[in-house]
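Visitor: I would like to know what stands behind the labels. Can you take me through some of them?
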Amino acid sequence: MNKLLTALLGITSGLLVSTLFFSDIGKKNDQTATTDGNYASVAQKVYVPHGKKDEYYLMSSGGHSGQLQVYGVPSMRLIRNVPVFSVDSATGYGYDADSKKMMGGYTWGDFHHPAISETNGDYDGQFLFANDVANNRIAAVDLTYFHTTDIVKLPNEGGPHAAVFLTPNTEYIVAPTRFARPLGDEYAPLDNYKEKYKGIVSMVKFDRASKKLALDFQIVLPPWSYDLSDAGKKMSDGWVVMTTYNTEFATTNPEINASQKDRDYIVMINWKKLSEDVAAGKAKDYKGVRMIDPRDVEGAIYAIPVAKSPHGVDVTPDGSRFVASGKLAPLMTVFSFQKAFDAIAKKDFVANEFGIPVLKYEDVMEREVDPPGALGPLHTQFDDRGNAFNTMFISSEVVKWKVDTGEVIDRQPVYYSPGHATAAEGDTVSPDGTYLIAGNKIAKDNFLSVGPSHPESADLFDISGDKMVHLTNVPIQPEPHYSQMIKADKIHAKPIYDKDENRPNSVWSINDARIERKGNEVHVYGVALRSKYIFDAKAERKDAITVKQGDHVFLHITNIDLDQDITHGLQVMDYNLNMEMQPGQTSTMDFVANKSGVFPIYCTNFCSALHQEMSGYLLVQPQ
Ligand code: RUQ
Ligand code: CUA
């Protein structure tokens, strides 16, 4: 094994490495094998007859599509695409005024890790948070309406990849950076990396009433790269553990230069202590951001050596241990919070060059788990019977092992190269132990070919027995990073928006529809209903809007069909505009009518037998 790894690492060409990673692995797998060879019994487990519903929602990251995909488990049917960081013409997201403003000028994002809001360490099903690695944003999605309600931009971050994870009562949405950068968008040459570049952890607050996010403070750390992290719970509540890589400070060719040392660090931070100190005014203000250096707070930060280049660390459901996976060392390491606390109490540490106390590996480590031939461990999930499940990116499998003893219980191939695994409620204080999916990066020959690039894929397992039973392999929307699986009855989605007479710009009666001019602003307060628009109740043609070239036009349209699933759309031809109004929703779109002419308007959402007739005109008189 070590020879193989050395061989892998010795290859300096990225191309060769990728070829090795992606060509031969998986071939040993017989993709038609189910565990017991009984297809009918397996098929029954994923078949959800008409009229019945799935047991779980799978909230799956859409990666660089910037969107959230909602699947049903066990059927693995894609139910809904929820736009979060990217424009979406299907829903008009990014075109209507609210979402356009939230997106802050960006049109895409890279969504990696969803996190469902938690109460006492369990999913409460109210909200979901997500990160945009590409443009340093965090979003909140309301799971009552499956709508994005807020996006906040994080200054000083360099791609919050290790985000988002939550503290057990959603006190904080935590977002550690991937790249270190100079603070305040400043310039500093890469030669000054060690001194001038900082690693940042953003601590974001969420207000459930207003559904808004706000950056509370940032933690300033050495310029290491931070990767998947987790929050303590129960006995370890108050702490976060984060993996690091590139403790070598590589500024070029990281593939080689960031993998030199045998050990990187797990960083343990006491977020409760830091947040108390920030509240007590001990943070420094840097360009409007409260910043705290944990080295200035006694007992707030420790580092623990870990197998090199770890990709993830996950806290066990009881909060007593954390499991780190070294993607370049073929093993999972189990660490004990209690052992760490004991070592801290005994002051059994030495400060490193940054003045961060480093605990001893042997003091905190409980065991190393090294299944023979298993390569590339990435992420860990848990069931309700003391078992852990690890994805193996290189050997394309899921390994099930006992957290208490390290005993390997089962290994099942996946098709192919899994990133994350997701067990039902498998990162909470009370996992269900029912289903697990592997989110695979590669599908290769699984499906009908669609050319050189294939879809990503997911394998679904029944994990209720000792052996994992492979149920199905499905194509999945790109790109499955993390996902979470929540019991269906924890989600309380509303069928329509409340009829709120006080909502700004809403119109609830046909007779109140009107067009008001204020200088060169034209405000249309209209309604949409099956199967027409009423923009101006008093006009001869109630579905026409006449403006002058150069006017700033605001369309405020309320869908007054308070019926489940009767969504209307509204596009404006040749103006690159489309929005939707869900039942009871008021949407606003604004634009400058800079082109003169006649522009048909029609409903983009099929809403009735006369949907095709649901139309109108924008008439722009030339100047
Ligand atoms: S990281 S595939 Cu973007 Cu979640 Cu491990
Ligand atoms: Cu309204 Cu189609």
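Guide: Start with one term: strands are DSSP runs of E, at least two residues long, numbered from the N terminus. The model is predicted. In it, Arg 77 sits in the loop between strand S2 (67–73) and strand S3 (78–83).

Visitor: Why is Arg 77 called partly exposed?
Guide: Its relative accessible area is 41%. Buried means under 20% and exposed means over 50%. Arg 77 is at 41%, so it is called partly exposed.

Visitor: Which residues is Arg 77 in contact with, leaving aside its neighbours within four places in sequence?
Guide: Val 48, Lys 52, Asp 54, Val 70, Tyr 71 and Gly 72. Contact needs heavy atoms within 4.5 Å.

Visitor: What makes Thr 149 buried?
Guide: Thr 149 has a relative accessible area of 15%. The cut-off is under 20%, so Thr 149 counts as buried. Thr 149 belongs to strand S7 (residues 147–153). Beyond its neighbours within four places in sequence, its contacts include Met 102, Lys 211 and Lys 212.

Visitor: How many residues around ligand 1 are nonpolar, polar and charged?
Guide: None is nonpolar, eight are polar and one is charged. Lys 441 is among the residues around ligand 1. Lys counts as charged, so Lys 441 is in the charged class.

Visitor: What does UniProt list for residues 519–623?
Guide: An unreviewed entry gives "domain: Cytochrome oxidase subunit II copper A binding". That span is 0% helix and 52% strand, with its end C-alpha atoms 15 Å apart.

How values were computed:
Residues numbered from 1 in each chain as written. Chains lettered and ligands numbered in written order. Predicted model: local features only at pLDDT ≥ 70, side-chain atom pairs only at ≥ 80, totals over all residues. Heavy atoms only, no water. Near = heavy atom within 4 Å. UniProt positions renumbered as here; feature names shortened; annotations may be inferred. Helix = DSSP H or I, 4+ residues; strand = E, 2+ residues; numbered from the N terminus. Buried < 20%, exposed > 50% of the residue type's maximum accessible area, 1.4 Å probe, protein only.
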